[in-house]
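Hello,

Here is the structure I promised to pass on to you. Have it open while you read, and turn it around as you go; my notes follow below.

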Amino acid sequence: MIRQFVPESACLKCAGCCRFKEADSVWLPCLLNEEAQELADREGIPAVSISIDKKIQPKPNPGGEGFVCAFLGCKDNKCGVYRFRPFECQLYPFLINLRNKRVLLTVDLNCPYIKDHLNSKELNEYIDYLVSFLNSSAQIKILKNNPQLLQAYEEVSEIVELKLSDEIK
Ligand code: SF4
Ligand code: SF4
């Protein structure tokens, strides 16, 4: 599990995540190969549809417009697979971004918790932790084996180029 920066209590109040404007949104959670297999094998989990590019297919939002993650409990705003939620979900509001063949660690400034903590000591310390984690040889290997996670997100703010860039150039 990736250490978290945004506390669960802030997310439960915010309800900004796990919701999508379009059914094929780039923001849909994308799975590592082993996560897709784990979700298929694990008992007690509702079967969900996973696309060929390993994205969890959303369901129409029962309470309004757009779509929600198939694992989101719309009444309590909780993730139905929280303890083993995908790597990408653990990483958010940070994202791995592919831009002009550069692999970047980026952050979504639309997250209100990030906005409130911009330039704080806690955020800077967390970023140091995250960069070191993502630049570890184990993580580089995982991401190299899962190129579906390298996506082009718009409107995110660049933090730093990751070592993985050198591996894919
Ligand atoms: S936008 Fe930020 S605070 Fe809101 S639910 Fe997502 S991660 Fe949590
Ligand atoms: S798997 Fe859980 S955390 Fe990830 S998008 Fe779905 S409901 Fe949200």
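Lys-54 is partly exposed, because 18 other C-beta atoms lie within 10 Å, while a residue needs 20 or more to count as buried and 12 or fewer to count as exposed. You will find Lys-54 in the loop between H2 and strand S2 (59-60). Its backbone deserves a look too: Lys-54 is not a glycine, yet its phi is positive, about 65°. For background, most residues other than glycine have a negative phi, and most peptide bonds are trans. Please keep in mind throughout that this is a predicted model.

Is Glu-155 buried or exposed? Glu-155 counts as exposed, since it has 8 C-beta neighbours inside 10 Å. This residue sits in the loop between helix H6 (137-144) and S8, and Glu-155 also has a positive phi, near 55°, without being a glycine. Asp-24, in the loop between strand S1 (19-20) and helix H2 (33-41), counts as exposed as well, because it has 11 C-beta neighbours inside 10 Å.

Now zoom out to the whole protein. There are 7 helices and 8 strands, and 25% of the 169 residues count as buried. Along the principal axes, the C-alpha atoms fill a box of roughly 40 × 35 × 25 Å.

Three strands form an open sheet in the order S6-S7-S8, with antiparallel pairing. Strand S6 (94-99) and strand S8 (157-161) are at the edges with a single partner strand each, so one side of each has no neighbour in the sheet. On average, neighbouring strands in this sheet are turned by 40° against each other, direction ignored.

You can follow the pairing residue by residue. S6 and strand S7 (residues 102-107) are joined by 6 bridges in the antiparallel sense.

- Leu-95, whose bridge partner in S7 is Thr-106
- Leu-98, whose bridge partner in S7 is Val-103
- Arg-99, which stands opposite Arg-102 in S7

The hairpin of S6 and S7 has 2 residues between the strands, and Asn-100 takes a positive phi near 50° there. On the S8 side, S7 and S8 pair over 4 bridges, again antiparallel, and Leu-105 stands opposite Val-160 in S8. Helix H5 (residues 121-134) lies across S6, S7 and S8 and runs at about 150° to S7.

The bond from Tyr-92 to Pro-93 is cis, with omega near 10°. Pro-93 belongs to the loop between helix H3 (87-91) and S6.

Tyr-92 and Pro-93 also lead us to the ligands, as both are among the residues around ligand 1. Others in that shell include Val-6, Ala-10, Cys-11, Cys-14 and Cys-111. Which helix gives the largest share of the shell around ligand 1? That is H1, with 3 residues. Helix H1 (8-14) and helix H4 (112-117) each supply at least two residues of this shell. Sorted by class, the shell around ligand 1 has 10 nonpolar residues, 1 polar residue and no charged ones.

Ligand 2 has its own set of surrounding residues, among them Cys-17, Cys-18, Cys-69, Phe-71, Cys-79, Arg-85 and Cys-89. By class, the shell around ligand 2 divides into 10 nonpolar, no polar and 1 charged.

Enjoy exploring, and write back with any questions!

Best wishes

How values were computed. Residues numbered from 1 in each chain as written. Chains lettered and ligands numbered in written order. Predicted model: local features only at pLDDT ≥ 70, side-chain atom pairs only at ≥ 80, totals over all residues. Pairing = 2+ DSSP bridges. Axes fitted to C-alpha atoms, helices over the stretch in contact; angles between N-to-C directions. Contact = placed C-beta atoms within 7 Å. Near = placed C-beta within 6 Å. Nonpolar A, V, L, I, M, F, W, Y, C, P; charged D, E, K, R; others polar.
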